[in-house]
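Student: I have a model open and would like to go through it with you, question by question. Could you show it first?

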Amino acid sequence: MTNPKEVELLGLWVSPFVRRVEWALKLKGIAYGTIEEDILNKSALLLRLNPVHQKVPVFVHGGRVVSESLLILEYIDETWKQSPLLPRDPYDRAMARFWASVAEGKLEPNAWVALCSEGEEKERAIELATEALGHIEGVIKGKAFFGGEGIGYLDLAIGWVSHWLPVWDKVGSMKIFDQAKFPAMAAWASRFVEHPMIKENLPPRDKMVVYFCGKRSRIMASKSHA
Ligand SMILES: N[C@@H](CCC(=O)N[C@@H](CS)C(=O)NCC(=O)O)C(=O)O
């Protein structure tokens, strides 16, 4: 990893955080290599490159390392100027980052807790995730994509909602992404997954269901032994 042009991505096929980085690289036409991680048995490379969080994705460009997927998107956007992801206007850029942080801080963690819990904890998490999705519904209303006419930074940041959230809903027997309640998000999700590049770069739904069922069972079992 010393070639200054070399781009490597430590990833995991089922991770929405990793996929958004791959989507950005593909939209910009940047060639990259991938190293698949086993997050149940983390490699020495992962621990060395991301000692703080020990998570994927880890992005390596010419030997320099960036972790945290949303920061990686910004790094990619600033390094390769073609097909810009973030809006040029400073206010629009701040808003794109704001809504990405809402999805990341309120929607994703609550949807995950809802998937891996029962009873009151699950109900509360569903409520909080639904509230966050309601705010995001207001942002996409009347637009084709969060980025306007085409896919931008916020589409990539929120992209997991289109393909992962329905799987989590199924596996967790819940309905956070209720298409009737969130028609603008539902229309956006269909457009997003139909985009030719995205369509080709989504993990298979059946494999995801198996993966998340297994993950949920392990988490629920460890909670019941705690
Ligand atoms: N905030 C991080 C989240 C990354 C993350 O949670 N990655 C998961 C895979 S989906 C991971 O590596 N988990 C390993 C662990 O939690 O030990 C990002 O956006 O990059």
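Student: How many residue pairs are in polar contact across the interface of domain 1 and domain 2?
Tutor: Happy to start there! This is a predicted model, where local features need pLDDT of at least 70, side-chain atom pairs count only at pLDDT 80 or more, and totals for chains, interfaces and linings use all residues. Residues are numbered from 1 along each chain as its sequence is written, and side-chain values use heavy atoms, with hydrogens and water left out. A polar contact is a pair of N or O atoms within 3.5 Å; within protein, one must be able to donate a hydrogen and the other to accept it, and residues adjacent in sequence count only if both atoms are side-chain atoms. With both residues at pLDDT 80 or more, the count across this interface is six.

Student: Which helix gives the largest share of the side of domain 1 that touches domain 2?
Tutor: Helices here are DSSP runs (H or I, at least four residues), numbered from the N terminus. Helix 1 (16-27) and helix 3 (69-79) each supply at least two residues of that side. The largest share, eight residues, comes from helix 1.

Student: Where do the two domains run, and how much area do they bury between them?
Tutor: The bounds come from an automatic or database domain assignment, which gives domain 1 (4-79) and domain 2 (90-222). Their C-alpha centres lie 21 Å apart. Buried area is the accessible area (1.4 Å probe) that two parts lose on being put together, summed over both. Carbon and sulfur atoms hold 70% of the buried total, which is about 1900 Å².

Student: Which residue forms a salt bridge with R20?
Tutor: A salt bridge is a side-chain nitrogen of Lys or Arg within 4 Å of a carboxyl oxygen of Asp or Glu. The rule finds two across the interface of domain 1 and domain 2. For R20, the closest N and O atoms of the pair are 2.9 Å apart, and its partner is E104.
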